[in-house]
Amino acid sequence: MERERYGVEEEREGITRRSFVRGASACAALTLAGFDPVSGTITGAFADVGYPEGGAASKWYMSVCPYCGVGCGVDVGVKNNRVVAVAGMKDHPVNEGRLCILGKNLVGMLHTDDRLVYPARREGDGFKRLDWDEAAAEVAERIKETVEKHGPDSFAMYVSASEYIEEYYIYNKFVKGCLGTNNLESSARLCWASGVVGLVKAFGADSPPCAYEDVELADLVVLSGYNPSSSKPIFFRRLVRAKKDSGARLIVIDPRRTDTARFADTFLQIRPGTDVLLHNAMAHVLIKEKLIDEAQARRLTDDYDAFSEHVKDFAPERVAAETGLSAGAIRDAARQIGRAERVVFMWGQGLNQSRIGTRKVTTLLNLCFITGNIGRPGAGPLAITGQTSAMGLREVGALPHLLPGFRLVTDGKAREEVARVWGVDPAGMSPNKGKPIPMILEGLESGRIKVLWIIHSNPAATFPDTEWARRALSKADFLIVQDCYHPTETSRYAHMLLPGAQWSEKGGTLTNSERGLNLIEKAVDPPGQARPDLLIVMDVARRMGFGDLFRYRSTEDIFEEYKLLTRGRPCDISGLTYARIAEEKGIQWPVPTAGHKGTRRRFLDRRFPKGKLRLNLHDHEEPAETPGEGYPLHLITGLVATQYHSRTRTGKIVKLDRTLPEPFVEIHPDDAGRYGVADGDLAVVSTRRGSVKARVVVTDGIRRGAIFVPYHFGYLAGRERAVNALTNRSFDEFAKQPEFKAAAARIEKA
Ligand code: SF4
């Protein structure tokens, strides 16, 4: 498709491409001067850079940054129906007026020349413009026909984890209530599934107990496979404050000496993938050296005796070689945990994105529970998701096994409760779990899934082993891609393109990672014929004969209906209204009544969903691929601070794009010498699935035997840069989250 056909009409949008580039370039010089592409550090990342047209706003709207799960409050400045400025919301408790480099540059992602501004149908190698009537009618017809002929499970929907509560609610009602399949899946699977399943296995429910401020009340914060300096810069400020103002200590466990690791008091540079061994060895030390209150551990947890028996086999001396850590370092870290009064345990994709991600998370939680670091301020597990709505979509149940209010699709009573509010026949709702994204793609490949509707997500770039994922997508009978941009790696496979709305072009609510609700006001109209996404889905639903179920006058109506399904549930928000959320930004659920103040932290009474906390007994398992003949290195992928996911947004912002013009590969000096590459060389990194070119960065910040490549580049940046062509699609047995952090690789000079 030619770009011009889909580009925003510059005059109508009131911005010329020339003026945008000029303004952005001026800022780029400022950023580039202090940017370290290896660590992701930006000198002055919190300084007020401003936006060239920032002073021109005539009206301001309330919003939240659409990137990470921290959920920073943002004021959106508008002039002439165009967003011209953003500013950190000064009275927002999460960020107190600050934004990181991604948040500061939000304006740039709206006014790009690849905005998708009208529906289009694939015709031959190109796309033909349609009007909404034709497009929505065709989508409705294809779904109806397919479901009637092949059954409801021949349809699936895959949505991003950056949508709003009201949107997830509508998607859920349409897919599970109207179509009768539970094949509603989200991109959160790729980031946080193991973390959430780990929480459920340990707590008995998906109820994150802590508040962000707990790290500032802790004596010790343990960060396992987590680099908030790059991934959550505004939250990282709290860790800086905790250390500098309150004297908290930090233990960081990571194969890379990240900026977070450099800031730590204790850095355990672990051999990639061996976290279960380390966590179990720490538990061994805590128990053997009587650093825990055993009576309390027995009271709080189930089967403490079996657990203490299990970890007897994990003496530090036994796991030292495998973890690449000294027994002394493991003992020292365990003693710090045992001697601290209040410990917060944090983790990130380093644990989640693994074939044994759930085991890694639950064995970290074991440490939290046996030391009694739960149900007290300044203590407990705290996980901040990579995508802004990964908490909200779970509450609303926009996942294949859930219904609103964390109800399970397999629970008949739950289906009846939901059906009553939705106004549908419970007999028409499926009692079977739907399919996670690895199985959806397998379903496309085998032909069992015929129609896939993707909303604001880009699996052709973000799914591991992308060559395979692309082949699977190409087999869909009918692929609907609803996005703000075209082309993306995924939209190229679409049979139907539907123009959705971008952040600030639609309204709703979202929940951040500490259970805090926030209101997002619609600030401007979407460009061209683009529409708020839930209107698109409701339009299709109406055309399929479900119009009576979607008679809402506003997103607030939808919110009010959703609220009914939270009553008495862990995420009860019966006491909230839009007005109250706007007033009390970030108010944390449960808020069961209008007079309730919200719940800063959960389980202070130590009454847990299943009575006791579960200790999970696990052993280490190697990744699906380990370094060996022909592929001697362990490939880790991850993020940098100036980019987000597959760059569909951040790659368009000149200032951010220039900080990462091409992939780089970090390698230890000894390995660089061994494999004949030098700093600045262009190298070819290969795995059994493919090869990419990346610029060599020689650093002793990475372990010998491991290499690191950022995952942000997809095929649009060139076939030789599509980093997920290297990664492995084996996945966690419980969470079905793929293993992005372990592939056997080799490197050679290009
Ligand atoms: Fe946005 Fe996260 Fe940065 Fe806050 S820390 S501004 S939510 S990307």
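Predicted model: local features only at pLDDT ≥ 70, side-chain atom pairs only at ≥ 80, totals over all residues.
Q: Is helix α21 itself largely enclosed or exposed?
A: Accessibility tells you: buried means under 20% relative accessible area, exposed over 50%, and partly exposed in between, with a 1.4 Å probe and protein chains only. Helix α21 covers residues 437-446, and seven of its 10 residues are buried, so the rest of the structure largely encloses it. The buried ones are Ile-437, Pro-438, Met-439, Ile-440, Leu-441, Gly-443 and Leu-444.

Q: What covers the buried residues of α21?
A: Look for contacts, meaning heavy atoms within 4.5 Å. The cover includes strands β8 (155-159), β9 (184-186) and β17 (451-455), along with helices α7 and α23 (466-474).

Q: Which residues other than glycine have a positive phi?
A: Most residues other than glycine have a negative phi, and most peptide bonds are trans. Phe-406 sits in the loop between β15 (402-403) and β16 (407-408) and is buried, at 11% relative accessible area. Asp-465 is another case, with phi near 55°. Its place is the loop between α22 (459-462) and α23, and at 10% relative accessibility Asp-465 counts as buried.

Q: Where are there cis peptide bonds?
A: Check omega. The bond from His-486 to Pro-487 is cis, with omega near 5°, and Pro-487 lies in the loop between β18 (478-483) and β19 (496-499). The bond from Trp-589 to Pro-590 is also cis, with omega near 0°; Pro-590 belongs to the loop between β22 (587-588) and β23.

Q: Which residues are around the ligand?
A: A residue is near a molecule if one of its heavy atoms lies within 4 Å of it. Around the ligand you will find Cys-65, Tyr-67, Cys-68, Gly-71, Cys-72, Leu-99, Cys-100, Gly-103, Pro-233 and Ile-234. This shell has eight nonpolar, two polar and no charged residues. In this scheme Ala, Val, Leu, Ile, Met, Phe, Trp, Tyr, Cys and Pro are nonpolar, Asp, Glu, Lys and Arg are charged, and the others, Gly among them, are polar.

Q: What does Ile-653 touch, away from its sequence neighbours?
A: Not counting residues up to four places away in sequence, Ile-653 touches Tyr-67, Asn-105, Gly-108 and Met-109. Tyr-67 is also one of the residues around the ligand. Ile-653 and Met-109 are 544 residues apart along the chain, yet their C-alpha atoms are separated by 6.2 Å. Ile-653 lies in the loop between β23 (633-638) and α27 (654-657) and counts as buried, at 2% relative accessibility.

Q: How many residues line the largest pocket?
A: The answer is 33, with Val-197, Val-200, His-401, Leu-402 and Leu-408 nearest the centre. On a 1 Å grid over the protein atoms alone, a pocket is an open set of points where a 1.4 Å probe fits, with protein on both sides within 12 Å along at least five of seven lines; lining residues have an atom within 4 Å of a point. The pocket holds about 990 Å³ of space, where volume is the space filled by probe spheres set on points joined across faces, edges and corners. Helix α7 (residues 188-203) gives the most to the lining, with 10 residues. By class, the lining has 19 nonpolar, four polar and 10 charged residues.

Q: How many helices and strands does the protein have?
A: There are 28 helices and 28 strands. Buried residues make up 66% of the 750 residues, and the C-alpha trace spans about 70 × 60 × 55 Å along its principal axes.

Definitions and conventions:
Residues numbered from 1 in each chain as written. Heavy atoms only, no water. Helix = DSSP H or I, 4+ residues; strand = E, 2+ residues; numbered from the N terminus.
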